[in-house]
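Here's a quick briefing for anyone meeting this structure for the first time. Have a look at the model, then read on for its sulfur links and one of its helices.

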Amino acid sequence: MGSAEAKSLAFLFMGWARPGEEKGTVYSFMGWAEVKTLENLLDFCNVVFLIGGGVEPSVRFLSAIFSHCTSSPSFAVDPAHSRSAYQLHLLAFCLPLHEHSMGQSTPRGVVSQAYFNNLMSAVAGSCEGKSFYTYSSFIGPAELASGFGTTGSDVVRRREVAAFLANVMHETGGLCYIRERNPQSDYCDRSYTQWPCAAGKRYFGRGPLQLTWNYNYGAAGRAIGFDGLNNPEIVAQNPTISFRTAFWFWMNNDCHNAIVSGRGFGATIRAINSGECNGGNTGQVNSRISYYQRFCRDFGVDPGANLSC
């Protein structure tokens, strides 16, 4: 649901009604922030559809809600519709609750606004990233990156968020830089004919993971919805697009899979900059590892094995 979770939403009872009441009646008006326990969900036993839709929760969670709702004497269910109606319509709004009720972390649950702001408070005022990287520009793209920080066990989820932030901190000099310092190339590889370089454009590192090369700008732009080949500069101008390119790279270039498959943090380093591995630049590798260990401590998880590459 994203930002809508904090807003009051109207819920419509659409498929069937309690005896004596018309279909389409608005039964409750409350915000997602009010729903913290199964007890709160008694209010939602009066509804079967959430404006805005949702995604199917786990069978375990659906069963728990179904059992809780059907056991409530305050809501008389038409026997002809009981189980199928609950199953069909509770699917529409249970996912945000499922994430928290099952004890699983999400990116927002791991990195709060206060935590992110504390990271930014250590960034020098002279840094271009000081006012560029914000919590909203980070958390929105994080939640749009399907599977990021939501795959696997709670430990794996937290490790992935830690791994992403560790690489971001290293690539940006602690969230100081937006653009690559002193780029030595235009980073135009003309062998990638699918992504032809535009005249006068340079595809040096920009953004949280320093997106580089024409083929990455082109592919990221196509996936996200901007012209990466003709307007690579936007990655250093729009913070939301900037973070979205970072998550695009993370999810599509073996970083996400490296963590959730258990291959370890070192594999994310290899995916981002393989030239540092196998003794290529031990100092850079150690910098990334140090950040990763720090975030793992902050997030309350062991960093696991295979930290280096």
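Cys-277 and Cys-309 form a disulfide, with their sulfur atoms 2.0 Å apart; the term is used for a pair of cysteine sulfur atoms within 2.5 Å. In general, such a link is a covalent bond between the sulfur atoms of two cysteines. Searching the whole structure turns up three disulfides.

Some ground rules first. This is a predicted model, where local features need pLDDT of at least 70 and side-chain atom pairs count only at pLDDT 80 or more, while totals for chains, interfaces and linings use all residues. Residues are numbered from 1 along each chain as its sequence is written, and side-chain values use heavy atoms, leaving out hydrogens and water.

**The Cys-277 and Cys-309 link**

- With -90° about the S-S bond, the link of Cys-277 and Cys-309 is left-handed.
- This pair links distant parts of the chain, 32 residues apart: Cys-277 sits in the loop between helix 11 (265-273) and helix 12 (282-299), and Cys-309 in the segment after helix 12.
- Helices here are DSSP runs (H or I, at least four residues), numbered from the N terminus.
- Cys-277 and Cys-309 are both buried, a word that means under 20% relative accessible area, with exposed being over 50% and partly exposed in between (1.4 Å probe, protein chains only).

**The Cys-127 and Cys-176 link**

- The sulfur atoms of Cys-127 and Cys-176 are 2.1 Å apart, and the two form a disulfide.
- The torsion about their S-S bond is about -90°, so the disulfide of Cys-127 and Cys-176 is left-handed.
- Cys-127 lies in the loop between helix 5 and helix 6 and Cys-176 in the loop between helix 7 and helix 8 (214-224), so the pair ties together parts that are 49 residues apart in sequence.
- Cys-127 and Cys-176 are both buried.

**The Cys-188 and Cys-197 link**

- Here the sulfur atoms of Cys-188 and Cys-197 are 1.9 Å apart, forming a disulfide.
- This link is right-handed, with 110° about the S-S bond.
- Cys-188 has 18% relative accessibility, so it counts as buried.
- Cys-197 has a relative accessible area of 24%, so it is partly exposed.

- Cys-255 is buried, with a relative accessible area of 0%.
- Cys-296 counts as buried because its relative accessibility is 1%.

**Helix 6**

- Helix 6 covers residues 135-144, and its buried residues are Tyr-135, Ser-137, Phe-138, Ile-139, Pro-141 and Ala-142.
- Those buried residues pack against helix 4 (107-110), helix 5 (113-121), helix 7 (154-171) and helix 9 (239-252), where contact means heavy atoms within 4.5 Å.

Key: Helices (H or I, at least four residues) and strands (E, at least two) are DSSP runs, numbered from the N terminus.
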